[in-house]
Every structure is written in C-alpha cells, then in structure tokens.
Amino acid sequence: MKKLILILLVLPAVSFAQGTNVINQKGRRFIPAEVTIRQGQSLTVTNNDEFIHQIYSEGLFDSAERRPGQNIVEDFPRSGTFEVRCHIHPKMKLIVHVN
Ligand SMILES: [Cu+2]
C-alpha cells in the first residue's frame, strides 16, 4: 500500500519532466509554486480545488474566473521571471521563469 501511494505522488513529477506545463490550483495554492518554461510556451492552470480561482500577472494577463475542473491556458511571450496570482485569494502565488 505504501508503494502505491509513493507511485501516485511521483507520477505528476514525471509529467512535468516530459514538458507538460500544467499547474494545479489546490488547497488555495499553486502546485507546484514555481515552474520554468521556454519563451513562447503556454502554461495550463487547472482548478482542482473546491473554490473558484482565476490568474493574473501584471502586464501579461488577467483571466476570467474558473470553476473547479476548469482550465486556464496563458502564453508567456517574453523571457523573464513573472509572478502569477489569484485576485480571489491574494496569498496564492506562482513564480514562472521563462527562458
Ligand atoms: Cu484563487
């Protein structure tokens, strides 16, 4: 049983290693809270929470609200480090490094 739990925990990490840029919103947090992508790549943010979320990044985008189970896809056209936040939950913070 312990082995099964370990496998379930490791699986999301494997999908990130393969270049799937997916961030989860869960427990009023971004998971993972920091990600590195390449310039021009997009980021998919999935609301896996019990709450409505949205995302914004100063000067880049300010999305509509998303219900649980819904996705937001945003592009990062410039390189740099960006802070992504949620208007509804000011403590939520995601750092995106764009190379
Ligand atoms: Cu939120």
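**View 1. Ser57 lies in strand S5 of the predicted model**. Helices and strands are DSSP runs numbered from the N terminus, a helix being a run of H or I with at least four residues and a strand a run of E with at least two. The structure shown is a predicted model, in which local features need pLDDT of at least 70 and side-chain atom pairs count only at pLDDT 80 or more, whereas totals for chains, interfaces and linings use all residues. Residues are numbered from 1 along each chain as its sequence is written, and side-chain values use heavy atoms, with hydrogens and water left out. With a relative accessible area of 4%, Ser57 is buried, a class that covers values under 20%, while exposed means over 50% and partly exposed lies in between, using a 1.4 Å probe and protein chains only. Once residues up to four places away in sequence are set aside, Ser57 touches Phe82, Glu83 and Val84, where a contact means heavy atoms within 4.5 Å.

**View 2. The copper ion has His53 (ND1), Cys86 (SG) and His89 (ND1) as its protein donors**. Donors are N, O and S atoms within 2.8 Å of the metal (3.2 Å for Na, K and Ca), and since water is not among the atoms, sites may look incomplete. Cys86 is placed in the loop between S8 and S9 and counts as buried at 1% relative accessibility, while His89 also counts as buried, at 14%. Leaving aside neighbours within four places in sequence, Cys86 is in contact with His53, Gln54, Tyr56 and Met92. The C-alpha atoms of Cys86 and Ile52 are separated by 9.8 Å, these two residues being 34 residues apart along the chain.

View 3. Gln54 is buried, with a relative accessible area of 2%. A polar atom of the Gln54 side chain lies 2.9 Å from the backbone oxygen of Ser63, and the side chain of Gln54 also reaches the backbone nitrogen of His87, at 2.8 Å. Polar contacts of this kind are pairs of N or O atoms within 3.5 Å; within protein, one atom must be able to donate a hydrogen and the other to accept it, and residues adjacent in sequence count only if both atoms are side-chain atoms. Not counting residues up to four places away in sequence, Gln54 touches a set of residues including Gln25, Ile72, Arg85 and Cys86.

**View 4. Strand S9 (residues 93–98) is joined to strand S3 (residues 34–37) in the parallel sense**. Four bridges connect S3 and S9, and Val35 stands opposite Val96 in S9. Strand S8 (residues 80–85) pairs with S9 in the antiparallel sense over six bridges, with Thr81 opposite His97. Two strands are taken to pair if DSSP finds at least two bridges between them.

**View 5. The largest nonpolar core holds 17 residues, of which Phe30, Leu43, Phe76, Val84, Leu94 and Val96 touch the most other members**. S3, strand S4 (42–47), S8 and S9 are the elements that give two or more residues to this core, and S9 gives the most, with three residues. A nonpolar core is a set of buried Ala, Val, Leu, Ile, Met, Phe, Trp, Tyr and Cys residues joined through side-chain atoms within 4.5 Å. Val96, with residues up to four places away in sequence not counted, touches Val35, Ile37, Leu43, Phe76, Gly80, Thr81, Phe82 and Val84.

**View 6. Four strands form an open sheet in the order S2-S1-S4-S7, with mixed pairing**. Strand S2 (29–31) and strand S7 (71–75) stand at the edges with a single partner strand each, so one side of each is left without a neighbour in the sheet. From one strand to the next the twist averages 25 degrees, with axes taken as lines fitted to C-alpha atoms (for helices, over the stretch in contact) and angles running from 0 to 180 degrees between N-to-C directions. S4 and S7 pair in the antiparallel sense over five bridges, and Thr46 stands opposite Asn71 in S7.

**View 7. The protein as a whole has one helix and nine strands**. From the N terminus on, its elements run α-β-β-β-β-β-β-β-β-β. Of the 99 residues, 31% count as buried, and of the contacts with a separation of 6 or more, 46% are accounted for by residues 24 or more positions apart.
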